[in-house]
Amino acid sequence: MNHLIILAIDGFSWNVIDSLIAQGKLKNLNKIIKKATSGILNPDKPLLSPQIWASIFTGKMQDKHGIKDFYSTKDDLKFDQIWDILDNFNINVGIYRALTALSLKKTDSFFIPSFYSFENECFPKKLTFIKKLDQKTRFNELNLNAKIKTFWNLIKFRFPIPILLKIIIKSIFLEIRKNNFKRKLFAIKNIEFLIHSNLFYKLIKRYKPQFSISYENSCDTLSHVFWKDYVQKNQYSNIIPKIYKRIDDYFGKIYNYTIENNYNLLIISDHGFKLVKTETPQHFNKTIQIIDFLRYLNLENDVYGTNLGSTALFRLKPDSSLTFGELENKIDQITCKGEKIFRINKIENILITKLKFFVGNEEGLEIRLSEKTNVKVNSIINFTSKMTGIHDENNGVFIITGPNIRKGEKIGLIKPYDVTPTLLGLLGVPIPEGLDGRIITKIFKIEPKVDYFKNIKKEEIKEKSLSEEEEEIIKERLRSLGYID
Ligand SMILES: [Zn+2]
């Protein structure tokens with residue numbers, strides 16, 4: 001049987017890989033590349049991770065599969081993703097936080113939905129603590145109590161004790177370094193990486209899925225913040241090389257496992273990184289976290305939200321029992337230190353809520369959502385630090401090895417939507433008709449024989465959030481009225 005493990009590393013970039021390998025670093029990856037066929041994953045613009053990963057996993061172009069950004073839901077997805085196709089052909093799939101794994105699937109092994117999905121559970125249920133950990137980290141609620149619970153769950157899961165001790169030491173370090181944003185971010189991402197990479201390794205050994213994906217986002221987050229430090233030598237210059245080194249250790253472990261078992265291995269990223277030309281001014285860096293915001297208000301089933309940074313658009317879903325006035329009241333009554341935090345305007349049936357500038361970035365600042373609910377400001381508003389690294393379409397990574405894959409080959413640019421048909425070909429599974437991608441035949445020693453099948457198209461979703469054209473029209477109107485910058 002043909003097995004495949006995919007290590008999906010968001011933002012993993014050839015320019016860093018080449019430079020570190022030239023310095024004699026990343027020994028495992030260097031070894032893998034010599035045994036692999038490698039290319040440059042070249043996405044289309046806009047370079048938005050959910051769009052690109054959905055293209056990678058559906059075989060459809062970025063503007064066709066229905067996923068637009070982090071505010072898309074499972075209802076927006078118009079096509080099956082590769083794990084759905086494989087599951088239909090009774091292939092055992094194990095999915096670990098793939099970015100576009102938006103709906104939970106029961107498989108013969110494990111299924112951990114994306115950190116941004118609405119799902120609250122994992123499969124099997126005993127793994128739900130991974131989802132809880134993701135939610136806590138995302139909502140900035142990873143306090144001591146939550147940490148102890150996580151450690152306890154890891155012990156119950158027979159997580160390797162030496163690594164657990166390492167994580168506990170890093171957590172203590174994190175408490176001490178609380179006030180240094182950059183050190184803190186690096187420590188959190190490190191802890192997350194250690195937990196997820198080791199859990200995935202345990203899971204594939206336990207369940208032996210024929211097809212598995214592990215998704216990692218620490219590289220992307222850290223590259224956004226630390227890119228300039230990496231390029232210009234200073235005290236933080238070693239952060240990006242350090243995370244690449246950790247990822248390289250992880251590759252080494254997984255690669256050895258694939259060699260022992262005669263598996264295929266794909267290392268893939270959605271885009272690379274480059275230095276930003278002009279840094280964004282501070283006031284651009286407040287983003288209303290629409291999904292979290294609606295959840296805290298218990299409105300996620302009633303309201304569609306569109307994100308425009310520090311402005312958000314809300315409108316009622318057709319089946320909502322709320323009135324527009326009630327929605328307006330609920331949002332209007334939100335305060336911070338006794339002052340309303342939103343300026344509200346209306347265009348037809350759309351509520352335009354703009355965050356006032358006074359809302360600070362102090363940790364622990366309380367937002368009063370209603371008489372009963374108070375939340376920390378970070379739970380609903382994202383304060384991104386200055387981005388110095390931005391996504392680059394010319395440095396995405398595609399590295400594949402396996403018994404029938406050519407060794408030491410370079411194939412140039414490949415498109416995200418070619419990945420799914422190529423992997424189906426590799427696994428000997430029929431390919432749905434009508435995909436935009438084609439099999440990249442030059443990666444194979446012996447070209448696989450492929451079959452096609454007619455996929456029953458998912459029902460068109462009648463009611464969905466604003467279309468792109470609608471969004472553009474509204475954005476234009478808001479710009480002319482001075483509501484958004
Ligand atoms: Zn990014």
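1. Leucine 265 stands opposite threonine 401 in strand E19 of this predicted model.

2. The pairings of E19 belong to an open sheet of eight strands, ordered E4-E3-E5-E1-E6-E19-E2-E20, with mixed pairing. Strand E4 (111-112) and strand E20 (409-414) stand at the edges with a single partner strand each, so one side of each has no neighbour in the sheet. At the E4 end, strand E3 (residues 93-96) pairs with E4 in the parallel sense over two bridges. Tyrosine 96 stands opposite isoleucine 112 in E4. Helix H8 (residues 181-207) packs on this sheet and touches strand E1 (4-9), E3 and strand E5 (211-216); the direction of H8 makes about 170° with that of E3.

3. Strand E1 pairs on both of its sides. With E6 the pairing is parallel over five bridges, and with E5 it is parallel over six bridges. Isoleucine 6 takes part in both: this residue stands opposite leucine 266 in E6, and its bridge partner in E5 is isoleucine 213. Six of the six residues of E1 are buried, so the strand is largely enclosed by the rest of the structure. Leu4, Ile6 and Ala8 cover one side and Ile5, Leu7 and Ile9 the other, all of them buried.

4. Which residues have the most contacts inside the largest nonpolar core? They are Leu4, Ile95, Phe251, Ile267 and Ile268, in a core of 90 residues. Helix H10 gives the most to this core, with nine residues. Phenylalanine 251 touches Leu7, Asn28, Leu29, Ile32 and Ile267, leaving aside residues up to four places away in sequence. In soluble globular proteins, nonpolar side chains tend to be buried together.

5. Helix H10 (residues 239-261) also packs against helix H9 (residues 218-231), at an angle of about 145° and with the axes 8 Å apart. From H9, the contact involves Ser218, Cys219, Leu222, Ser223, Phe226, Asp229 and Tyr230; from H10, it involves Ile239, Ile240, Ile243 and Ile247. By class, eight of these residues are nonpolar, two are polar and one is charged.

6. A further open sheet has four strands in the order E9-E10-E14-E13, and its pairing is antiparallel. Strand E9 (303-308) and strand E13 (342-347) stand at the edges, each with a single partner strand, so one side of each is left without a neighbour in the sheet. From one strand to the next, the twist averages 25°. E9 pairs with strand E10 (residues 311-316) in the antiparallel sense over six bridges. Tyrosine 304 stands opposite arginine 315 in E10.

7. Is phenylalanine 157 buried or partly exposed? Phenylalanine 157 is partly exposed, with 16 other C-beta atoms within 10 Å. This residue is found in the loop between helix H6 (144-156) and helix H7 (161-176). Phenylalanine 157 and lysine 126 lie 31 residues apart in sequence, with 9.0 Å from C-alpha to C-alpha.

8. On confidence, the mean pLDDT of the protein is 88, and 89% of its residues reach 70 or more. Over residues 459-464, however, the pLDDT is below 50, and this stretch has five contacts in the model beyond near neighbours in sequence. Where pLDDT is low, the predicted coordinates should not be read in detail.

Key
Residues numbered from 1 in each chain as written. Predicted model: local features only at pLDDT ≥ 70, side-chain atom pairs only at ≥ 80, totals over all residues. Pairing = 2+ DSSP bridges. Contact = placed C-beta atoms within 7 Å. Axes fitted to C-alpha atoms, helices over the stretch in contact; angles between N-to-C directions. Nonpolar A, V, L, I, M, F, W, Y, C, P; charged D, E, K, R; others polar. pLDDT = per-residue confidence, 0-100. Buried ≥ 20, exposed ≤ 12 C-beta atoms within 10 Å, placed from the backbone. Core = buried A, V, L, I, M, F, W, Y, C linked by C-beta atoms within 7 Å.
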